[in-house]
Amino acid sequence: MAVIPNYIDGEWREPPSGGRLPVINPATGEVLALAPEGDAADVNCAAEAAARAFPAWRATPPADRIQFLFRLKQLLEEHFEEIASLITRENGKTLPESRGELRRGIENVEVACGIPALMQGYNLEDVASGIDEILFRQPLGVVAVITPFNFPAMIPLWFLPYAIACGNCLVLKPSEKVPLTMQRIVELIGRTGLPPGVVNVVNGARPAAEALIDHPLVRAVSFVGSTPAAKAVYARAAAKGKKAQCQGGAKNHVVVLPDADLDSASQVVCDSAFGCAGQRCLAVSAAITVGEARERFRRSIAGLAGSLKVGCGFEQGVQMGPVITPQSLQRIEGLVDQGLRSGASAVLDGRGLKVGGFEEGNFIGPVILEGVSPDSPLVDTEIFGPVLSLVEAASLDEAIAILSRSAYGNQASLFTSSGAAARKFRNETPAGNIGINIGVAAPMAYFPFSGWKDSFFGTVHAQGRDAVEFYTEKKVVVERWPKYWSRKF
Ligand code: NAD
């Protein structure tokens, strides 16, 4: 069985013999490869290679640095279908979903090609008589990126292109569950001619991530994963005086008002809740209907979700793939069980699903629950699976009050035809990404991915101008040239 090598200093290096983690196809149970359990020694090699590459890379003009990204964009386009297939193989999502994620990832490469404009500072002549002030942005040095399983290509690409375009060198630790996609993308990065050490990949799980955060050469940490891990990474990085941006979990609510186009609302909410088998940090997991929206929305979404075709993501017509691991499946089914025991009832119960020909796959069909008690663990636990809870409210105010109680603040959406209701919602709702008649309010690459509350720990987010802010530090220069000032030439 192939062991995935680490990519350090422009070379593929066999990791030292040690622990191995199986990479498993969630639709078939097949072991695809073995990922090494990277340790502090691997991390050290990668961080040192990055630090060696940094002086020459930061001195490379931004306009030259982005030429490698133009080449990467081209290579990603040429290998688009192959990479999308790899995502489906190791993550399980459907092929159209994999294509969608890769497209979103490539958009970040495109935006980072604007670095010569995005990275500019500003200045002012004569801040005092004969004195000028200039603000430059400089790269930080070695930066670390640690990513989750649910977007094997897109989430690393939320960070990598901006980090290197700004002049940093990077060590990435992909999710141990889905390392193959980045292995392939890094092969393509190698083909761009990027100098060795600018991008390094160390495979492994939590110990490798912790060694990376702690490494003295690492100046900043970008993290995406569950809230407990994001919180721990933020605290760990801060304790060492490092910059950190840590995106965590979510519990996203949608509010459906009676004046919404209920047919389209149900379709969009169905896609949001059950797309990628509910394993998206922007998936809607609770739908709050206001007043008379309840009955029609309930009937409509149950019909749509009940007709979704669940199966292997490669099969034609399949709309929902498996969840990532058998443990994940067990956890999701257990939470549904707890919800039912605490008084909820199932409008649709996809547990126990078997897909013909894929008996070893981690499949669960869509689950819709109603009457979830406010004390149920379902209310504020991130389920991260295809489970939607239906909640009722008497007014928009009550709906906003319900969703405001959540510890998370990644996304909230409203379905309505009223501009006034939309304005109130976007003004009062405590979440960083708001959708108005949108089910997955995923910001485009040139906007920040803006989680709030327990969905984000840090100050500046991923993507766009926030990424430039994160991957640079500002230097202010105040200058006086006395000869010129006294006009003696
Ligand atoms: P996870 O937290 O288990 O792992 C994420 C990454 O962190 C992996 O690379 C893992 O090896 C590493 N890791 C795990 N525990 C760690 C720790 N204590 N210290 C340092 N590193 C650690 O998450 P996952 O199961 O891979 O991904 C799903 C989670 O990610 C969900 O909670 C989802 O909401 C969240 N997510 C959030 C966003 C967002 O933008 N907010 C996007 C995607 C996924």
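Author: Here are some terms, each set against its definition. This is a predicted model, where local features need pLDDT of at least 70, side-chain atom pairs count only at pLDDT 80 or more, and totals for chains, interfaces and linings use all residues. Residues are numbered from 1 along each chain as its sequence is written, and side-chain values use heavy atoms, with hydrogens and water left out.

Reader: Why is Val478 called exposed?

Author: Its relative accessibility is 52%. Exposed means over 50%, buried under 20%, and partly exposed in between (1.4 Å probe, protein chains only). Therefore Val478 counts as exposed.

Reader: What does Val478 touch?

Author: Leaving out residues up to four places away in sequence, Val478 touches Ile131, Asp132 and Glu133. Contact means heavy atoms within 4.5 Å.

Reader: Which residues of helix α8 are buried?

Author: Ala208, Ala209, Ala211, Leu212 and Ile213. Their cover includes α1, β7, β8, β10 and α9. Helices (H or I, at least four residues) and strands (E, at least two) are DSSP runs, numbered from the N terminus.

Reader: How do you know that the largest pocket lies between domain 1 and domain 2?

Author: Domain 1 (6-248 + 455-477) and domain 2 (252-436) both give residues to the lining, so the pocket lies between them. The bounds come from an automatic or database domain assignment.

Reader: What makes up the lining of the largest pocket?

Author: The lining has 18 nonpolar, 14 polar and eight charged residues. Ala, Val, Leu, Ile, Met, Phe, Trp, Tyr, Cys and Pro count as nonpolar, Asp, Glu, Lys and Arg as charged, and the others, Gly among them, as polar. Helix α9 gives the most, six residues.
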